[in-house]
Amino acid sequence: MAGRRKAEIQLQMHIESQEEWEDLLSKEGLNVIDVYQEWCGPCTGMVSNFKKIKNEMGDPLLKFCTAKADMIDSLDKYRGHCEPCFLFYAGGCLVAVVRGANSPKILRTITEQLKQEHKCLDGGSERKEIKDPFIAQLESKEKETEKEEEEEEEEGVKEVTVALIKPDAVEAGKVDQILEDIKAAGIEILKHEERKLTEDEVRQFYSHLQDQDFFEDLVKFMTSGPSHVLALTKGKTGENIIDEFRDLIGPTDVEEAKTQKPESLRAKHGQQTFMNALHGSSSADMATRELAFFFPDFVAPHVDGKAPKLQRTLALVRPEAFRLHKDEIISKIRESGFKVAMQKEMQLTKEMAEEFYKEHTGQEYFDQLVTNMSSGPVLALGLAREDAIEGWRSMLGPKEVDKAKEEAPESLRAKFAVDDAINSLHGSDSEDTAKKELDFFFPMEQTVAVIKPDAEGTKDEIIDRIHEAGFKIAARKETKLTKEIAEEFYADHKDKDYYNDLVEHMTSGPTYLMVLSREGAVDGWRSLIGPTDPTQAKEVSPDSIRATYGKSILENAVHGSSDPEHAKKTIKTIFETIDEEAEKDEEDKPVSDSTRDAEESSPEVKSQQLEEQRAKEEETRQETPKEETKEEEKTEEQPSTEQKTDEQPTEESKEEQSKEEQQEEKQEEAPKEEKTEEETKAPSPKPSETEAKPSESEAQPQSETETKPEEQQQEESKTEEKPSEETEQKTEESTAQGEEKKEETQSEEKAPDTQTTEESKEEEKKEETKPEGGD
């Protein structure tokens, strides 16, 4: 028993890490791998089939495994797909793939690939490595999408320029007139802010003019009063907006503008030299620099309203800055247009810090950096925005604190500096680095997301928000929850006053359940949906889903798991419960063509099922004849025995005729007594014994025959019941096996016609010897 249990346990190896996966592929043999995700588990329905295959084949090269895609990097493409998937690996190569729990196909593939593997090991053939067609198709689509996005980035962004309405024009009250002139030229104002520039800002903005004699006068003039800063574009693409705007404002020198371009804005509103009313970017590079200077969070619109590509990056607030400036830093991040998609406070160990900064090993500052990062809790943020990586690094400023204070005093590293040796904040420097760093702090998780009945009308918009936040929907079900499932789903709230109302609401209409996958999925989803109360959500997190779509605490549009453990429990409980109910509904449905084909393709299984069915029918019939025999004995003791005995087999023959689809109607008519005995005795397996008994009866004297009519009738009754039993069994078999079996039954019944006729004559003689009354 212990050996058998051990064999069952070792039937499937369980692979749950990249190291185990690589070790598996390095071994000899054919590995049949059931790839699954933690929320749904492996395909348990195939385990019994695998046991049977393993026992029948007994081939040591054949191995069965399960592999958890959530934990294995090589299987990341298989995440987010629910259909069972079986990979066949031989010698580290993928040689076959079967999708779906198709037992006949899997058995056929095992047989073919095992035979091929033996040939390869014997040197008679070579392995043919394949690419999973489904994954190849996914990768192809991803490449096409990336290519389209790159083309959109190159061609889809509008050209933008920067304009300044200087203090002299503002003081003269000419701002409105200038704005009207700009709009009249067909130019679109994308951004407009009034601000008084500081001396540092002016010196930095006009740093390219610092060698000019008038530079100090320019600084004094530009800080003398408020200015208006504009971001401008034109038409569908913004093409040539820089040159067109410079042409609109005219030459830099006011006198020259009045002479050469009297209709220009500088000619109309300028005074002298640098007091020329307006400034415009001189080139595309200058426009980009000036946009970043005045509008660091500005995102240029795309051509024809095409959506920009959303980017994610890691923002890390180091221990001392986290302790002193956490709220201020987060406020600055939100003001700059970033969405905080993920957020986590955690204490790094020295080993974790060394792992995170391993690329800096060997640098002079490495030990100090590791000590700093492990000295207290840090704040890790996953930020989302178009150009998030460059945008965040621009906000951070130079890496060296002294340089940041000197060159970018408004940068975060300058403003929130704590230690001059190590800056207070970190940001990813590329998309690849961002992915690795986000994975470090926010490992792949799964959580439950529910769109409640009150938000059914906005389901598509909410799903768009989910995709925008970087989530993948690993599984989804739209269903109307039963009261039992809703109660189980909200079991933690059972003691709350609102529990009954909550259950009633959740069962009032369709509910959309999802399993979401992403780094830090639990915290990320809760951050995206916002506080439970939509009113509070509008104040604290106005862009959250509940703030946008929620109506009340009860009707707050969505639900999310509170922590990873709760997510795992909910996924297992709710999705399995719904699946079980669906399976019960499926049991009442007719067998599908694919299932029927699978059964027909396995004659051994079909034969075994027929044998079991016959055995059960045989047991049932063994009890039935005994009861019928007793009833007939009682019937014979009553008057008119001969008549009733004759009628009984007549009724049986009619039943047989209906079961055999009236095949006997074409036979010649005969007396009921003769026809009845003919049909019942024809299929008897022992006709010789049946003939022997009436012969002995004829040899006895008349008186002896008269004294034992009851015994003879009992023998006749038993003889009739046995063939009747055989006839019914053959009729059952003929129905199960088709028309061919029916024809065989007919031929068997017609074969002993002569013998049956002789038996009927002997029976007639017996009937003549019977007394007219009873005993």
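This is a predicted model: local features need pLDDT of at least 70, side-chain atom pairs count only at pLDDT 80 or more; totals for chains, interfaces and linings use all residues.
Residues are numbered from 1 along each chain as its sequence is written, and side-chain values use heavy atoms, with hydrogens and water left out. Local features need pLDDT of at least 70 and side-chain atom pairs count only at pLDDT 80 or more, while totals for chains, interfaces and linings use all residues.

Student: Why is strand S2 largely enclosed by the rest of the structure?
Tutor: A strand here is a DSSP run (E, at least two residues), numbered from the N terminus. Buried means under 20% relative accessible area with a 1.4 Å probe, protein chains only. S2 covers residues 30-36, and it's largely enclosed because the buried ones number seven of the seven.

Student: Which residue in S3 is the bridge partner of Ile 33?
Tutor: Strands pair if DSSP finds at least two bridges between them. S2 and S3 (residues 62-68) run parallel, joined by seven bridges. In S3, the partner of Ile 33 is Cys 65.

Student: And which residue in S4 does Val 35 stand opposite?
Tutor: S4 (residues 85-90) runs antiparallel to S2, with six bridges joining them. Opposite Val 35 you'll find Cys 85.

Student: Which helix gives the largest share of the lining of the second largest pocket?
Tutor: A pocket is an open set of points on a 1 Å grid over the protein atoms alone, where a 1.4 Å probe fits, with protein on both sides within 12 Å along at least five of seven lines; lining residues have an atom within 4 Å of a point. This pocket is lined by 26 residues. The largest share is four residues, and they come from H13.

How values were computed. Buried means under 20% relative accessible area, exposed over 50%, partly exposed in between (1.4 Å probe, protein chains only).
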